[in-house]
Amino acid sequence: MWVALAVALAIAIVVAIALDTRRRRAVDEASDLRRQLSNEIERTAVLARERDRLAEAFDALQDGVIVVDDQGDLLVRNVAARAFSGTRRAEVLAEDASRELLESALRGMPSEREITLVGPPRRVIELRAAPLWERGRVVGAVVGIRDVTEPRRVDDVRRDFVANVSHELRTPIGALAVLAETMTDETNFEVMRRFAERIAREAERLAHIVDDLLDLTQLEANAGGEPEPVDVRSAVHAAVEQIASAAEAANIELHVASIDPHVVIRADRRQVISAVSNLVDNAVKYSEPGSVVDIDVDVGDRRVGIMVRDRGVGIPTRDLERIFERFYRVDRARSRETGGTGLGLSIVRHVAHAHGGDVSVISHEGEGSAFTLTFPLVDGSATIASAPEETVT
Ligand code: ADP
């Protein structure tokens, strides 16, 4: 009886110990699982944070980026790339191009393409696609989309500029060569003198073009120059003074309205005088003898406008947009005759823009032109006083 009881007790103890061991193991396993789970959750959170950061970084890029997996399914399309997806014609074109490039990248072939999206606004975009490799296998592809409208425009302008400069310099150089050659066979002193005069005129033209080019280059390099308070009245008078003798020779009267001496702008004085004198010079060049040119200043709340108005040949409407381009001339022969370089108005526009101002024109063919050059006004500058006109020539 005792023995049976002892055996039963022993069995109970062994079973209890075994059960306890299993329970503990289960508890250990459960806590292991819990740890693994929380590690996994932590890892997933870290991955999600990294993915969000990566998405933010992609969105901060100016270039569009699209990433697809090996099946061509979309993984990433950043903000810039979204601008090229949609239903408008330009967007469909851009999307078709990036799809084609991605397809070829998924076949292991990197490629690039430039397409022009006829606007408005007209845009040129460059697409570059590349496969994404992992252990020798293509696991996806990426395409970068860049708006290259501005760099292409600058390239075109530069190319045109070099071509124009070469052409403009070639003409007087060619004339000089011909004149000099003809002179070598000439014995008549009077004819030689006439040739020499023409050589001097062509040389002057060359010097004028080079001076204007240097001015433009300096303006570009040095944008607004050294800004100082410039009293508009004295700057306008200095500019008009520079053209006074040419106006007198052409029998053209320069009327300068009375200008308040307290109107002040912050600018490079030399540049302001150069811009105004270019406008007055043109007004004289493109007017008939006996004509009058008005120079006036209009002061607004924040801006001051310097106006030069002539009653000359005027500018055809179709040319109005282009006259501020370098070397653009409505009537090449007349411009050349008057010693023009085609650079004057580009200098004027440069000066205006470099100082936060602008230049505009209203013109009617056969009636005359009115150019307005505006500059931001220095706070506290006086308003214009209306007083009688002053006549310079
Ligand atoms: P240019 O040295 O030939 O005068 P600009 O750049 O000063 O060059 O002017 C460009 C062109 O704009 C001129 O060739 C001329 O055709 C036209 N233009 C400029 N100012 C006037 C004006 N006041 N009246 C008529 N045409 C003008």
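Before reading the sheet, I noted the rule in use: two strands pair if DSSP finds at least two bridges between them. I also noted that the model is predicted.

Entry 1, strand pairing. I looked up E9 (residues 292-299) and strand E10 (residues 303-309). E9 and E10 pair in the antiparallel sense, over 6 bridges. I found that 3 residues lie between E9 and E10, and that the two strands form a hairpin. For one position I checked the partner directly: Val297 has Ile306 in E10 as its bridge partner.

I then turned to strand E7 (residues 253-256), which pairs with E9 in the parallel sense over 4 bridges. Here His255 stands opposite Asp294 of E9.

I counted 10 helices and 13 strands. The radius of gyration is 39 Å, whereas the globule rule gives 21 Å for 393 residues, so the chain is more spread out than a compact globule. Along the principal axes, the C-alpha atoms fill a box of roughly 155 × 60 × 35 Å.

Of the contacts with a separation of 6 or more, 64% join residues 24 or more positions apart. I noted that 34% of the 393 residues are buried. The chain exposes about 24,000 Å², of which carbon and sulfur atoms supply 55%.

I recorded 50 positive and 66 negative side chains. The centres of these two sets lie 9 Å apart.

Notes. Residues are numbered from 1 along each chain as its sequence is written. This is a predicted model: local features need pLDDT of at least 70, side-chain atom pairs count only at pLDDT 80 or more; totals for chains, interfaces and linings use all residues. Side-chain values use heavy atoms; hydrogens and water are left out. The radius of gyration is taken over C-alpha atoms; the globule rule is 2.2 Å times the number of residues to the power 0.38. Buried means under 20% relative accessible area, exposed over 50%, partly exposed in between (1.4 Å probe, protein chains only). Contact means heavy atoms within 4.5 Å. Accessible areas come from the Shrake-Rupley method with a 1.4 Å probe; for residues, only the protein chains shown count as cover. Lys and Arg count as positive and Asp and Glu as negative; His and the chain ends are not counted. The place of a charge is taken as NZ of Lys, CZ of Arg, CG of Asp or CD of Glu.
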